[in-house]
Amino acid sequence: MGIGDGDGMGISACLITKNEEEALARSLKMISAYVDEIVIVDGQSEDKTVEVAREFDAVVIQREFSGSFAIERNSGIERARNEWVFILDPDETLEPGFLQTLRDLATSRKYDAYSFLRHDVLPDGTILETPCGHPEIHVRLAKKDRLRYYGAIHEKAVVSGKIKFIPEAIYHHRGYFEDYPAEKKERFEAIGRNASEDLQGLKISSHTLLARNVKLVFHYFRNMLIGMGLYRKGPSGIIQAIRYTYSFTSYGLKQYVRLGQI
């Protein structure tokens, strides 16, 4: 792994897995040289996921799925020994240049977290830059004590501190062309339907959640206009930023309501 000693100022990569042996092998081979520790929360995989993880000296926490992806994410973050955590899914890939910037970002004292673009990749290799009608932005690199997750399903990062948007992309390899396969979609919807308040990962009041989401809308517009450089296109760029922000807002609101999170 990287240059740190896995106990202090370095970076801990945190993943959650369930029967991901092939994707995990690719993922850990990709990131192992750039991080100081790998922490994997595994939902009692029945394939060779755990064996693959241990080949890379990963810390493996095996546990029955709690019913909440936020709880699983948070347990991995809490177990990490380094100051910074990098959140990744096994079916995601990054460019080498992106990985090389992680150390530089983590040494900055100006920000507490960094967000990045996330593009979907179809089985035929087609890259979808706006899979939901707008660019997706995810917080993935953050100080351990500033990041936790909220939401039993489609968990969302909650950061205490300053976030910097970096227009680099994380590539999510779908494995399907259209919407989720029927079985996966039903399983995810069942998690949302059955999630109690205790399974959301954090105690957040409706008022606080609403205020947070309003703030996120303004941040998203700024990230589109300035971070993505749409302002350079003049009026057409401003209109595009507004359209993306509208899509981001309406999509997020529908998702929160559907999953019972507001």
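Helices (H or I, at least four residues) and strands (E, at least two) are DSSP runs, numbered from the N terminus. In this predicted model, local features need pLDDT of at least 70 and side-chain atom pairs count only at pLDDT 80 or more, while totals for chains, interfaces and linings use all residues. Residues are numbered from 1 along each chain as its sequence is written, and side-chain values use heavy atoms, with hydrogens and water left out. The protein chain has 7 helices and 11 strands. Its radius of gyration (taken over C-alpha atoms) is 18 Å, close to the 18 Å that the globule rule gives for 262 residues, so the chain is as compact as a globular protein of that length. The globule rule is 2.2 Å times the number of residues to the power 0.38.

**Overall dimensions and surface**

- Along the principal axes, the C-alpha atoms of the protein chain fill a box of roughly 55 × 40 × 40 Å.
- Of the 262 residues, 47% count as buried, where buried means under 20% relative accessible area, exposed over 50% and partly exposed in between (1.4 Å probe, protein chains only).
- The protein chain exposes about 13,300 Å², and carbon and sulfur atoms supply 53% of this area; accessible areas come from the Shrake-Rupley method with a 1.4 Å probe, and for residues only the protein chains shown count as cover.
- Among contacts with a separation of 6 or more, 75% are between residues 24 or more positions apart, contact meaning heavy atoms within 4.5 Å.
- There are 35 positive and 37 negative side chains, and the centres of the two sets lie 8 Å apart.
- Lys and Arg count as positive and Asp and Glu as negative, without His and the chain ends; the place of a charge is NZ of Lys, CZ of Arg, CG of Asp or CD of Glu.

**Helix H4**

- Helix H4 spans residues 96-107, and its residues Phe98, Leu99, Leu102, Leu105 and Ala106 are buried.

- Leu94 belongs to strand S5 (residues 92-94) and is buried at 7% relative accessibility.
- Apart from neighbours within four places in sequence, Leu94 is in contact with Met30, Phe86, Leu88, Leu99 and Ile170.
- Leu94 and Ile170 are 76 residues apart along the chain, yet their C-alpha atoms are separated by 5.3 Å.
- Ile38, in strand S2 (residues 37-42), is buried with a relative accessible area of 0%.
- Thr245 sits in helix H7 (residues 235-258) and counts as buried at 9% relative accessibility.
- Leaving out neighbours within four places in sequence, the contacts of Thr245 are with Val217, Tyr220 and Phe221.

**Positive phi in loops**

- Asn19 is in the loop between strand S1 (11-17) and helix H1 (21-31).
- Phi of Asn19 is near 55 degrees, a positive value in a residue other than glycine, and Asn19 is partly exposed with a relative accessible area of 34%.
- Asp57 occupies the loop between helix H2 (49-55) and strand S3 (59-62).
- Although not a glycine, Asp57 has a positive phi of about 60 degrees, and at 59% relative accessibility Asp57 counts as exposed.
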